[in-house]
Amino acid sequence: MSISDISRAELPEQQVAVVSGSVAHDGIGPFLSGAFGEVTTVVAEQGLQITGPPFARYRMIEGGWEVEAGFPASAPVSPEGRVRPGTLPGGPVARVVYRGPYQGVAEAYEALERWVQDSGDHVAGAPWETYLDEPEVAEPRTEVFAPVASGTIP
C-alpha cells in the first residue's frame, strides 16, 4: 500500500446522484455495490450522463456508518427510489491518492489531515473519496478529498 500525490487543488461544484443510508461496519461493500447500481440505472433512465468516478462520504455513527454514495452526473437527477440529487462542493481541496486495500484508506485520511495542518490550513467540510479502479484490482487506487480553508479553525 502507498500514499502519494498529496496536493491542493481547486474543484468546481459537481452535481451528483446519490443513495444514502446507515450501515454496520461490515456492510459498506454491499451497500456501495447496491447504491452504485441504483444510481447508474436511474441516471441512464433519465437520459443523463455519469461524468466521473464513483464516490462515497462517510460519517461514523453508533455501530457503523452513515454513507452517501453515488456518481457525478451531467445534470441534477430527479428523485427516484432511493436515488436523490446532491452536490460535491467546489473550491479549494486537499487531495491524496491511496493505493492498496480499502481497509487501509484511513491512513490516507490521516496523512491528508496532517498535510493540511502542516500547511497552516484546516479541513473545512466533510471529506469524500473516489474509487479510481474496480474493487477486484490487486491494489485499487482511492483518491481522498477534503475541503480546506486558510488558517486555523476559527
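Q: Which residues does Leu32 touch, leaving out those up to four places away in sequence?
A: Leu32 touches Ala56, Tyr58, Val67, Ala69 and Tyr131. Contact here means heavy atoms within 4.5 Å.

Q: What kind of model is this?
A: This is a predicted model: local features need pLDDT of at least 70, side-chain atom pairs count only at pLDDT 80 or more, and totals for chains, interfaces and linings use all residues. Numbering starts from 1 along each chain as its sequence is written, and side-chain values use heavy atoms, with hydrogens and water left out.

Q: How many residues are in the largest nonpolar core?
A: 19 residues. Phe31, Leu32, Val39, Ala69 and Val83 have the most contacts inside this core. A nonpolar core is a set of buried Ala, Val, Leu, Ile, Met, Phe, Trp, Tyr and Cys residues joined through side-chain atoms within 4.5 Å. Buried means under 20% relative accessible area (1.4 Å probe, protein chains only).

Q: Which element supplies the largest share?
A: Helix α1, with eight residues.

Q: What is the nearest side chain of opposite charge to Glu129?
A: Arg57, 11 Å away.

Q: Which side chain does the Glu129 side chain join by a polar contact, besides Tyr131?
A: Tyr109, at 2.6 Å. The contact with the Tyr131 side chain is also 2.6 Å. A polar contact is a pair of N or O atoms within 3.5 Å, one able to donate a hydrogen and the other to accept it within protein; residues adjacent in sequence count only if both atoms are side-chain atoms.

Methods: Buried < 20%, exposed > 50% of the residue type's maximum accessible area, 1.4 Å probe, protein only. Helix = DSSP H or I, 4+ residues; strand = E, 2+ residues; numbered from the N terminus. Lys, Arg positive; Asp, Glu negative; His and termini not counted. Salt bridge = Lys/Arg side-chain N within 4 Å of Asp/Glu carboxyl O.
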